[in-house]
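Try each task before reading its solution.

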Amino acid sequence: MKSAGRPGLCWYCGHAVLLVSDPPEHVIPDSMGGRLKTLRVCESCNHDAGRLIDAPFMKDMLIFWDRLLHLPASAKLPPQFEATLEDGTPVDLRMTGKGPWTANVRSSIKRDGDQIRIRARDQAEYERLLERVRKDLAKEGRELPADLGAPQPQELGEVRIATQLDGVVWLRMAAKITLGVLSLVVDEQWIRTPEAAKLRGWLWDENPQNPEGSPALAFPHQPTAKLDTYVPRPPEHLLYLHPAPGESTVGLRIVFFGTLFVSVEIELGGYDCPLKAWRTTYGQPVTETDFQALVMEATLAVHELDPPSN
Ligand SMILES: [Zn+2]
């Protein structure tokens, strides 16, 4: 029987046979405005990448702040963070780019022997929780004392937010994006190369390693090429393939929100790789361009900026 599958294997795991029913995978997470998609990822890897790669990346400090600044007001997934008061009490924060931000102590009922402590964000919720306590006590054949007094309003004080900048999280995202990008432009036989295996290792390993055994990490960096000063258009994400030193090597620059640069060098093992580029952001179709066009853009920008020399 002939399967109705797409030809080829999954670029994220290297072994699952692709099916027509596999959902498109977002090369840059949808929740940060990535609209570029690949059809060369199996359903199982698509799910796992969302859970294991995209979700931790959304908690990254730098990505978090950029999302907060650039997320459209209509976005379905406002960033949320784990926050606490100084004494460790959990606080629910709602943040949107436009503000105002709101902080509410998470409601709780704490019983310690005869002591009962209710935390609530307002009077209505307090009454609701009090009713719950009353019912619980009734089941035990007990009653609330009559002289409870009014609840005590409490200042929240300082709210602390826990964020992280984790080189493993950045590396795994870079590996995912690299495989996604190459799946759009490089022959599928390339996934059999050692380089592809290395990237898949980085993608799925919780403790990714370099070939010689040291821990593999990635961190966002400042612009290192003149091109990077002129072509990113924040808050658009920019992905571009560029020439790299080496016989059969290509560079991939990932520019999150037009400001956070990550560089990957890829050994092509003799396969062709057109130097394509993509811009993508919230609510816009992906713009496809290429390295030469970006160089032109940068050159024009430089001429516009430089004063006349004569
Ligand atoms: Zn797969």
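**Exercise 1.** In which order do the strands of the open sheet of 4 strands lie, and which are the edge strands?

*Solution.* Start with the order: the open sheet runs E5-E4-E3-E8, with antiparallel pairing. Strands are DSSP runs of E of at least two residues, numbered from the N terminus, and two of them pair if DSSP finds at least two bridges between them. Next, look for strands that pair on one side only: these are E5 (102-105) and E8 (159-161). From one strand to the next, the twist averages 35°, with axes being lines fitted to C-alpha atoms and angles running from 0 to 180 degrees between N-to-C directions. Finally, zoom in on E3 (residues 82-85), which is antiparallel to E8 and joined to it by 3 bridges. There, Ala83 stands opposite Ile161 in E8.

A note on the model: it is predicted, so local features need pLDDT of at least 70, side-chain atom pairs count only at pLDDT 80 or more, and totals for chains, interfaces and linings use all residues. Residues are numbered from 1 along each chain as its sequence is written, and side-chain values use heavy atoms, leaving out hydrogens and water.

**Exercise 2.** Into which domains is the protein divided, and how many Å separate their centres?

*Solution.* First, read off the bounds, which come from an automatic or database domain assignment: domain 1 covers 25-60 + 165-303, and domain 2 covers 82-161. Then take the centres over C-alpha atoms; those of domain 1 and domain 2 are 45 Å apart.
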